[in-house]
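This briefing is meant to be read beside the sequence and the structure. The points that follow are grouped by topic, beginning with a single residue and widening from there.

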Amino acid sequence: MEKQNKTAEYDSADCGDSGELMNIRNFGAESSERNGIIIRTSIIGIASNLLLAAFKAAIGIIANSVSVVLDAVNNVSDAASSIITIIGTKLAGKSPDREHPFGHGRAEYISSMVISALVLYAGITSLVESVKKIIKPETPDYSFLSLVIIAVAVAVKIFLGLYVSSKGRKAKSDSLENSGRDALNDSIISGATLAAALIYTVWNISLESYLAAVISIVIIKSGIDMIKDTFSKILGERADAELAQEIKNTVCGFDGVTGAYDLILNNYGPDKFNGSIHIEIPDTYTADEIDELLRQITVKVYQKHNVILTAIGVYSLNTKDKKAIEMREKIKDELTKEEYVLQMHGFYVNETSKTIRFDLIISFDAPDRLAVYETAVKKAQSLYPDYKFEITLDSDFSEPEHVKEKGTKKKKR
C-alpha cells in the first residue's frame, strides 16, 4: 500500500476552479453530429444499393442468371438494412424521459437485431431457390455489357465498403462498420459471380446454381454472426479494457487517489456509458474534501471519456499506522500467490475493533471461486488470528481475466 506522501510520484489532474467544473461538454450536440453522420452515410448506402440492385436484376433476368438475380436481392436487403439503421438511429437519439431515464440508445441494438434477422431470412430463401435450380438447371446467357456492369458493381461495392467502414469508425457506430464489412463481402460475392460468368463464356461450364448456393451460405453465416454479436451487446459485455484503463488513469491522476478499482460500465447504446468506481484515499480526508474530490472526478471523467459516473465509492487508506501498512503487504503477498486471486484492494485495519477489511478479486476462470475465496480467508486468518476479517468476494468487470494485480497509477514522465 502506498503512503500518502508517495502520491506526488504520480501525475495529478488539473481540475481547475468551480467555473471550469461547469464546462461540461455538450453530449447532446455530439450525439446529434454522430447521428447525422450515420444517417447521411446510410442514405448514400441506400441509393447505391438500389441502383446496383436494379442493374443486377435486369442483367440477371436478361442473362437468365440466378446468381446475379440473388446478388441483386442481396443489394435490396442491404438497402433495407440502411433504412432500418436510420430508423434505429432516430429512435436512439430521443431524449431521456420518465420511462427511460437513461435514454433510448439501445434502440440501435434492436434495429441491428432486425437487420440480422432480415439478412438471415434472405440467405435461407436464396439457398432454397439455389437448390431448386441445381435440381432443375437453366442455361445462362451473358452479354459483354452484362459482364462490364457486374465488374462496375464490384468496384462500387469496394468503394462503398471502405467509405461506410471509415464513417462507422468515425461515428463509433457498429451498425455502419458492419454495413461496410458486409459491402466488402458483397464485392467478393459479385466478383465470384463475374468469375463464374467468364468461365461459362470461355469454357461453356455453368457454375451458376452452385455459386448461388455458396453465396446463400455466406449470407446465412453473416446473418448468424450479426445476431450473435448484437445479442452479446444486449446481454451485456465486459467493458473495453483500454477504455477502462484510461478511466482509471484519469481517476488516479488526482492528488490523494492511490488506487481506482471495481469499475463497472453499463452500456446504454453505442458510446453511451454510465458507471461506478471505487477509489482509495487517505483516512485523513474530511467529508468536505471527499465531496469536492468526487465532484471533480465525475466531471473530469465525463469530459475526457463521455462516461457518466453515477456513483463513486470510497476506500480509506491507513496513513498513520505503519503496522497496518506492513500487515497489508504481508497479506497481499500471501494471498496473491493463489493461482486465481487477481487483486486485493480496499484494505483497512481498525485497531479499535481489531478488524481487517478488504476486497478480493478472484478470476472467473477459477473452477470454484467460492472455494478459492474460502482458502484465502483461512490463509489470511492464520496470519493474524487475533483480528476479525471482513473479506468481500469481488468480481473483475473491466480488466482482462489473465491480468494479476498491478498498480493503476501513472508515473511522472
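Asp 262 counts as buried, because its relative accessibility is 12% and the cut-off for burial is under 20%. The model in which this residue is seen is a predicted one, and every value given here should be read with that in mind. Asp 262 has its place in strand β1, which covers residues 259–267, and its phi is near 55°, a positive value in a residue other than glycine.

**The chain as a whole**

- The secondary structure of the chain comes to 11 helices and six strands.
- Of the 413 residues in the chain, 47% are buried.
- The chain exposes about 21,000 Å², and carbon and sulfur atoms supply 60% of that area.
- Among the contacts in the chain with a separation of 6 or more, 73% are accounted for by residues 24 or more positions apart.

**The sheet that contains β1**

- Strand β1 belongs to an open sheet of three strands, which has the order β1-β2-β3 and mixed pairing.
- Because β1 and β3 stand at the edges of this sheet and each has a single partner strand, one side of each is left without a neighbour in the sheet.
- From one strand to the next, the twist in this sheet averages 15°.
- Although β1 is an edge strand, seven of its nine residues are buried, so the strand is largely enclosed by the rest of the structure.
- Strand β2, made up of residues 273–282, runs antiparallel to β1 and is joined to it by seven bridges.
- Helix α9 lies across β2 and β3, and it runs at about 140° to β3.

- Asn 306 is found in the loop between α9, which spans 287–305, and β3, which spans 307–317.
- The phi of Asn 306 is near 60°, a positive value in a residue other than glycine.
- Asn 306 counts as buried, because its relative accessibility is 11% and burial is set at under 20%.

**The sheet formed by β4, β5 and β6**

- Three strands form an open sheet in the order β4-β5-β6, and the pairing within it is mixed.
- Strands β4 (341–350) and β6 (388–394) stand at the edges, each with a single partner strand, so one side of each is left without a neighbour in the sheet.
- The twist in this sheet averages 15° from one strand to the next.
- Helix α10, residues 322–335, packs on the sheet and touches β4, β5 and β6, with a direction that makes about 155° with that of β4.
- Helix α11, residues 369–383, lies across β4, β5 and β6, and it runs at about 155° to β6.
- Strand β5, residues 355–362, pairs with β6 in the parallel sense over seven bridges, and within this part of the sheet Ile 361 stands opposite Asp 394 in β6.
- Phe 347 is found in strand β4, where the residue is buried, with a relative accessible area of 0%.
- The C-alpha atoms of Phe 347 and Phe 358 are separated by 4.3 Å, while the two residues are 11 residues apart along the chain.

**A nonpolar patch on the surface**

- Ile 110, Val 114, Leu 118 and Ile 234 form a nonpolar patch on the surface, and together they have about 320 Å² of accessible area.
- Helix α4, residues 107–135, gives the most to this patch, with three residues.
- Val 114 lies in helix α4 and is partly exposed, because its relative accessible area is 39%, a value that falls between the limits of 20% for buried and 50% for exposed.

Conventions: Residues are numbered from 1 along each chain as its sequence is written. This is a predicted model: local features need pLDDT of at least 70, side-chain atom pairs count only at pLDDT 80 or more; totals for chains, interfaces and linings use all residues. Side-chain values use heavy atoms; hydrogens and water are left out. Two strands pair if DSSP finds at least two bridges between them. Helices (H or I, at least four residues) and strands (E, at least two) are DSSP runs, numbered from the N terminus. Axes are lines fitted to C-alpha atoms, for helices over the stretch in contact, and angles run from 0 to 180 degrees between N-to-C directions. Contact means heavy atoms within 4.5 Å. Patches are made of residues with over 30% relative accessible area and no salt bridge: like charges are joined within 9 Å, nonpolar side chains (Val, Leu, Ile, Met, Phe, Trp, Tyr) within 5 Å. Accessible areas come from the Shrake-Rupley method with a 1.4 Å probe; for residues, only the protein chains shown count as cover. A salt bridge is a side-chain nitrogen of Lys or Arg within 4 Å of a carboxyl oxygen of Asp or Glu. Buried means under 20% relative accessible area, exposed over 50%, partly exposed in between (1.4 Å probe, protein chains only).
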